Amino acid sequence: MGSVPGPAHLGDLYEKSLDCVHCGLCLSTCPTYRETGRENSSPRGRIYLMRGVAEGRIPLSDTVVDEAFLCLGCRACETACPSGVQFGAMLEETRAEVENRGARRGAPVRLERIGLRVVANARVLHAAFSLLGLAQRFRLDRAVLPLLPRSLRAAHAMLPSVPPAADRAPLPEFTPAVGEVRGRVGFLSGCVMSELFGTVNRATLRVLAHNGFEVVVPREQGCCGALHAHGGDATRAQQLLRHNMRAFAGVDTIVVNSAGCGASMRGAQDWLPGEGAAYASKVRDVSEFLDAAGLRAPAGRIDARVCYDDPCHLVHGQQVAAAPRRLLEAIDGLELVAHRDAASCCGAAGIYNLTHPDMSAAVLDRKLDALAEADPDVIATGNPGCLMQIRGGVAKRGLRALVVHPVELLDEAYRAGHAG
Ligand code: SF4
Ligand code: SF4
């Protein structure tokens, strides 16, 4: 990896690859293997390729690069693996190596890099969403749609309307607790969450406050760097990580409501060995945090059948599956309905639905089949990419379910209790 510090050392990649004993138990859980049936597109096949690259036996050819980026990074293989393979870390190391050697080229790759630069800068991102909001309001986005590349047209179909300015305004720097104070936490407002899911962020603050927690939202925080780490931009991922480490230095716990951000922040020690560990240990998904703290039971009811859908970066990346279900079950009237594909990827995977629209759509289709079968009133999932992807899929299929973040249901139940 040359001058870039962090996880992308081929010796480290080689060491990690030795954990794989080639048993194949992960294959049936891998969305890209399920779609293609190709060994190279399976976890075991990819590990073979990555190990070959680390040993210098296999060149960093188009096949290796294509497979490294066809992988969704969903980490379902980690959950299935009895041997403790750290697939997510290996994948990020490989992608960083690909970027470092300039092995990925072409217009879509340049577009992707521009997009990631925009995401890294909160002001530029805010301006970009303001422009998009204007274009949506005057339907200019539809006018230019035929001129856009296919991947951007597919992304447009998933993109929600940009919310009004009030929802995109900065969160209060301090939210007081309601009732007896149980503690103080920091909150990651996030880049995409702030622009497209401001209402979810505000609901999260209210739910934390209602549970007795003071919430600090450091003004100087920025993007967590997850998308950059997934895309192989090690340098920028490390810069963003360091920036937020300083921003959150004053709190012991950082609550996150975006599973992708939380998983990446929890992997900080891989990117910044030594200094990243303390930061990583502070991070908690909001569901895990409230469940561990002991949820104050909501007084209001929600009469609805709800399917909870696990974001990959929560269930596989952070091993959090029971906590969000327990929180939802604490709401009176709410019936939690299982569906058979809850822990599989929805195909959003960061910007995967932009870079690999066909595979993303095929992966989403399986999920929608399972959800259509369960026929819930509401689908709850705790990650912005999953919210957009599943909402887009539900609309396209004509399913009747609302798609929301679990904290929105908790917030609604607390509000209904107050109103009652
Ligand atoms: S991360 Fe997901 S897509 Fe990639 S190899 Fe593992 S299971 Fe397959
Ligand atoms: S990654 Fe794990 S489950 Fe998959 S083949 Fe290797 S050892 Fe087996």
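**Strands, a helix, domains and a ligand shell**

User: Which residue of strand 7 is the bridge partner of Arg 301?

Analyst: In strand 7, Arg 301 has Asp 332 as its bridge partner; helices (H or I, at least four residues) and strands (E, at least two) are DSSP runs, numbered from the N terminus. This is a predicted model, in which local features need pLDDT of at least 70 and side-chain atom pairs count only at pLDDT 80 or more, while totals for chains, interfaces and linings use all residues. Residue numbers start from 1 along each chain as its sequence is written, and chains are lettered from A and ligands numbered from 1 in the order in which they are written.

User: What makes strand 6 and strand 7 a pair?

Analyst: Pairing requires that DSSP find at least two bridges between two strands, and strand 6 (residues 301–308) and strand 7 (residues 332–336) are joined in the parallel sense over four bridges, so they pair by this definition. Strand 6 also runs parallel to strand 8 (residues 378–380), with three bridges between them, and there Val 306 stands opposite Val 378.

User: How do you know that domain 3 is in contact with domain 4?

Analyst: Contact means that the C-beta atoms of two residues, placed from the backbone, lie within 7 Å, and 25 residues of domain 3 are in contact with 24 residues of domain 4. On the domain 3 side, helix 13 gives the most, with six residues. An automatic or database assignment supplies the domain bounds, which are 167–291 for domain 3 and 300–419 for domain 4.

User: What makes a residue part of the shell around ligand 1, and which are closest?

Analyst: A residue is near a molecule if its C-beta atom, placed from the backbone, lies within 6 Å of it; 14 residues surround ligand 1, the closest being Cys 30, Pro 43, Cys 71, Cys 74 and Cys 77. Helix 2 (31–36), helix 3 (43–55) and helix 5 (76–80) are the elements that give two or more residues to this shell.
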